[in-house]
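Thanks for coming. I have one structure to go through today, so please look at the screen.

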Amino acid sequence: VEQREVGRHCDGFARGIADALEAQPDALAIGELRDLETIRLALQAAETGVLVLSTVHAQDVTRAIGRLVDAFDPEERAGVRNGLAGSLRMVVAQQLLPRADGRGRAPAIEVAFGG
């Protein structure tokens, strides 16, 4: 297992991902997909067979996928959708909701499986 920490081993998520991909990993864990360059590299890695695990801040599965697609320019979105359709295996969305008995919160989990 190799770890790259932003600020310590690389100057940003995208540079860390690019460096990691040069080592031809089997799996890649990315803290969060927030910017276009990071999303692009993560999708490219997934399309080449790398298992990519990451987070996206969204309220549900549909919005998580939408955030990834909408990060791209409109003319690229059809290709991104096709790439996701071919490489996406699972999206899990979770929200913590108040429990009916008023004692804390309980997770509401939505899972979508890809092809």
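This is a predicted model: local features need pLDDT of at least 70, side-chain atom pairs count only at pLDDT 80 or more; totals for chains, interfaces and linings use all residues.

Residues are numbered from 1 along each chain as its sequence is written, and side-chain values use heavy atoms, with hydrogens and water left out.

Helices and strands here are DSSP runs, helices being H or I with at least four residues and strands E with at least two, numbered from the N terminus. Take helix α1, residues 13–22, where A14, G16, I17, A18 and A20 are buried. Buried means under 20% relative accessible area, exposed means over 50%, and partly exposed is in between, with a 1.4 Å probe and protein chains only. The cover over those α1 residues includes β1 (27–30) and α2 (36–47). After α1 comes Q24, with a positive phi near 50°.

Now α2. At its start, a side-chain oxygen of D35 comes within 3.2 Å of the backbone nitrogen of E37. How far apart are the end C-alpha atoms of α2? They are 16 Å apart, which agrees with the 16 Å that twelve residues should span at 1.5 Å a residue; the expected span is 1.5 Å times one less than the number of residues. Just after α2, G49 has a positive phi of about 100°.

Which residues of α2 are buried? They are T38, I39, L41, A42, L43 and A45, and they pack against α1, β1, β2 (51–54), α3 (61–70) and α4 (77–87). L41 has a relative accessible area of 15%, so L41 counts as buried. Leaving aside neighbours within four places in sequence, L41 is in contact (heavy atoms within 4.5 Å) with A14, I17, A18 and L21.

Last, the surface. M90, V92, I109, V111 and F113 make a nonpolar patch of about 520 Å². Patch residues have over 30% relative accessible area and no salt bridge; like charges are joined within 9 Å, and nonpolar side chains (Val, Leu, Ile, Met, Phe, Trp, Tyr) within 5 Å. A salt bridge is a side-chain nitrogen of Lys or Arg within 4 Å of a carboxyl oxygen of Asp or Glu. Areas come from the Shrake-Rupley method with a 1.4 Å probe; for residues, only the protein chains shown count as cover.

Strands β3 (90–98) and β4 (105–113) each supply at least two patch residues, and β4 gives the largest share, three. F113 lies in β4, and F113 is exposed, with a relative accessible area of 63%.

Technical notes. A polar contact is a pair of N or O atoms within 3.5 Å; within protein, one must be able to donate a hydrogen and the other to accept it, and residues adjacent in sequence count only if both atoms are side-chain atoms.
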